[in-house]
Amino acid sequence: MESHRFEADVRQILHLVTHSLYSDREIFLRELLSNASDALDRGRFEGLQRDDLRTVDHAAGIRVTVDEEAGTLTLSDDGIGMTTDQVIEHLGTIARSGTKAFAELLKERGENPDGLIGQFGVGFYSAFMVADKVEVDTLSALPGTEAVRWISDGGEAYEMGPGSRSSRGTDVILHLRDDAKEFLDVDRLRTIVSRHSDYVPWPIEVGGERANQETALWNRSPGDVSDEDYKAFYKHISHDWQDPLTWIHFRLEGTVQANAVLFIPRHRPFEMDRLDFKVGLRLYQKRVKILDSATDLLPRFLRFAVGVVDSTDVQLNMSREMLQQTPAVRAIQKQITKRLIAQLGDMSREKPDDYTIFWKEFGHILKEGVAEDERNKDSIGELLRYPTTTSDGALRSFIDVKKDLPEGQDAIWYLTSVDKERIDRSPVLEAFKKRKVEVLLMSDPVDEWVVMHLGDIDGTSLKSVMSGELPAQDEQEEDPIAEGFKKQAAPLAEWMKTLLGQEVAEVRISSRLTRSPSVLVDGEGGIGSNMERILKAANQQVPDSKRVLEINPEHPMVRPLARLNDSGATGLEPFARLLLDHAAIAEGRLADPEGFADRLQALMEKAASGMGGEGAPAPTA
Ligand code: ADP
Ligand code: MG
């Protein structure tokens with residue numbers, strides 16, 4: 001035998017697995033049976049591609065046996081087996097990106113956060129939850145290979161040497177821990193198999209008797225499948241420990257034949273944000289698994305869906321690239337898309353609380369669909385949810401907002417800003433808030449594309465509060481005093497325009513401010529400042545476009561300035577510039593901090609000398 005050290009990530013996982021207490025450790029059996037089932041799938045699939053593989057002379061399946069005296073539990077399968085190199089790679093390193101992501105999470109958060117590992121299926125390594133020694137004896141189906149034995153106590157290292165299997169497949173022998181002898185009880189094992197692995201599409205014998213029904217769940221008629229079956233099946237294929245939020249099960253007949261079961265998880269998997277994330281949709285042809293991750297069957301914006309598609313219209317020997325070109329695959333993708341969107345719509349109406357969970361976990365991914373899928377963009381648009389200025393944190397749809405539009409308002413207003421924390425406090429919202437006009441608050445970068453592609457909601461246009469203005473109030477609110485201030489401020493705006501011509505496209509009198517003296521908004525046309533910011537953050541070339549500075553004619557900082565300007569006073573430049581600084585600071589983007597510091601200092605000196613009784617009336621000095 002030869003000794004090998006586990007990869008660091010594996011050692012960490014193993015340490016946790018062997019040192020923590022679990023409430024639900026019986027799932028080790030599900031993990032090992034799932035591996036055996038995968039190996040059988042692969043053995044069958046490869047056997048159809050080439051004819052030089054080792055075959056099995058009996059009905060292929062999985063056998064679970066116990067040896068009470070030795071205290072061992074053995075799982076034996078007739079799958080594809082492993083070569084020496086494969087054993088080293090598959091059992092000595094972490095292959096699955098989910099487990100890898102989990103290991104990274106552990107590293108970040110320290111040991112066993114929230115007892116998570118007890119619930120998380122760590123695949124093969126979960127054997128060490130119940131065993132203090134694990135042996136693997138395997139013979140690959142590949143011709144010319146030899147049986148290999150792998151032994152480990154779950155510590156730092158494992159041993160390898162010649163194995164003794166004479167037919168293809170794998171034995172996993174668990175030397176049960178003293179506190180895990182309950183798994184020598186055959187009845188107990190049968191119960192666990194029927195609870196977690198009933199739908200494994202290969203016969204599982206426990207103590208010489210069949211313990212599962214071995215039906216391909218997706219080929220059964222939905223009326224014959226219980227909710228519990230769906231949930232167990234979901235856990236089997238997803239390695240999730242929680243129930244799914246919802247699922248669909250349908251059959252396609254006609255030009256394309258397929259059975260499909262798709263689930264929406266309750267939470268985002270750890271690996272979802274990783275670059276090597278693979279979708280959890282499996283493709284079968286007449287119960288033979290072709291792909292574990294059939295990327296082309298799902299549009300990107302639904303990549304969180306998990307499930308199985310079984311179609312007679314795909315070829316067994318199809319490569320990923322060929323798959324993409326296949327009309328059947330495109331037709332199936334179209335149906336999946338349509339049905340998942342419809343299912344999400346149903347969930348939003350019938351189970352709003354579940355929908356909120358879905359939205360928080362996957363909403364930002366679903367949003368991509370508005371830009372990606374021209375055909376379905378409107379139905380996807382209906383699924384989107386946002387907080388608004390009047391919703392007090394509750395999420396609202398475009399339809400909700402449209403339904404509640406007051407008489408006479410012909411647009412749905414929104415504000416996009418990637419500044420999630422401050423979006424609700426933006427000065428551009430002041431007048432909207434005062435008049436209680438509902439404004440959607442959109443703080444995901446992708447929201448820029450959402451509004452661009454939606455354009456309108458069923459004929460009602462979407463308008464940005466950053467570039468559009470609230471229509472003037474009706475007569476009743478015409479206020480002669482306010483009109484007076486506006487008139488007085490007009491020449492000030494004119495003069496500021498010449499002064500600040502380098503920095504801004506325009507200076508105008510604002511009708512959107514109540515508390516703030518000034519604000520920067522976007523001119524009509526152009527891509528908008530938020531989009532500009534997003535593109536720049538993504539290292540894209542964008543021409544600098546100038547903003548519009550609006551000043552509040554009624555503000556106590558602007559009024560005297562307008563008066564002084566009217567009377568021909570000089571020395572007003574620093575004050576005018578401070579109005580621009582103020583607007584930039586309010587959005588957290590001051591372009592010229594040094595200049596601002598100088599101006600502020602000059603102003604404070606003047607104010608201080610004023611307070612010191614030297615009598616200089618501040619701004620004109
Ligand atoms: P996963 O099943 O998600 O890939 P596991 O940790 O459960 O991750 O298993 C790691 C790998 O070990 C599998 O991908 C497979 O290549 C190999 N393996 C485990 N059990 C078996 C088995 N019974 N037969 C063949 N290969 C196996
Ligand atoms: Mg596995």
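User: Hi! Which domains is the protein chain divided into?
Analyst: Hello! The protein chain is divided into domain 1 (2-214), domain 2 (222-364), domain 3 (386-464) and domain 4 (480-610); the bounds come from an automatic or database domain assignment. This is a predicted model, where local features need pLDDT of at least 70, side-chain atom pairs count only at pLDDT 80 or more, and totals for chains, interfaces and linings use all residues. Residues are numbered from 1 along each chain as its sequence is written, and side-chain values use heavy atoms, with hydrogens and water left out.

User: What separates the centres of domain 2 and domain 4?
Analyst: The two centres, taken over C-alpha atoms, are separated by 52 Å.

User: Now the sheets. What is the order of the nine strands?
Analyst: The nine strands form an open sheet with mixed pairing, ordered 1-6-5-4-7-3-2-8-9. Strands are DSSP runs of E with at least two residues, helices are runs of H or I with at least four, and both are numbered from the N terminus. Two strands pair if DSSP finds at least two bridges between them.

User: And which strands stand at the edges?
Analyst: Strand 1 (2-5) and strand 9 (209-210) do, each with a single partner strand, so one side of each has no neighbour in the sheet.

User: How many bridges join strand 5 to strand 6?
Analyst: Five bridges join strand 5 (residues 148-152) to strand 6 (residues 157-162), and the two run antiparallel. Val-148 has Pro-162 in strand 6 as its bridge partner.

User: Which strands does helix 3 lie across?
Analyst: Helix 3 (residues 84-92) lies across strand 1, strand 4 (131-139), strand 5 and strand 6, at about 160 degrees to strand 6. Angles run from 0 to 180 degrees between N-to-C directions, with axes fitted to C-alpha atoms, for helices over the stretch in contact.

User: Switching topic: how do helix 14 and helix 16 cross?
Analyst: The axes of helix 14 (residues 447-454) and helix 16 (residues 529-537) come within 10 Å and cross at roughly 130 degrees. The two helices are therefore oblique to each other, where under 35 degrees counts as roughly parallel, over 145 as roughly antiparallel, 65 to 115 as roughly perpendicular and the rest as oblique.

User: Which residues in helix 14 and helix 16 meet?
Analyst: Glu-448, Trp-449 and Met-452 in helix 14 meet Asn-530, Met-531, Ile-534 and Leu-535 in helix 16, with contact meaning heavy atoms within 4.5 Å.

Notes
Chains are lettered from A and ligands numbered from 1 in the order in which they are written.
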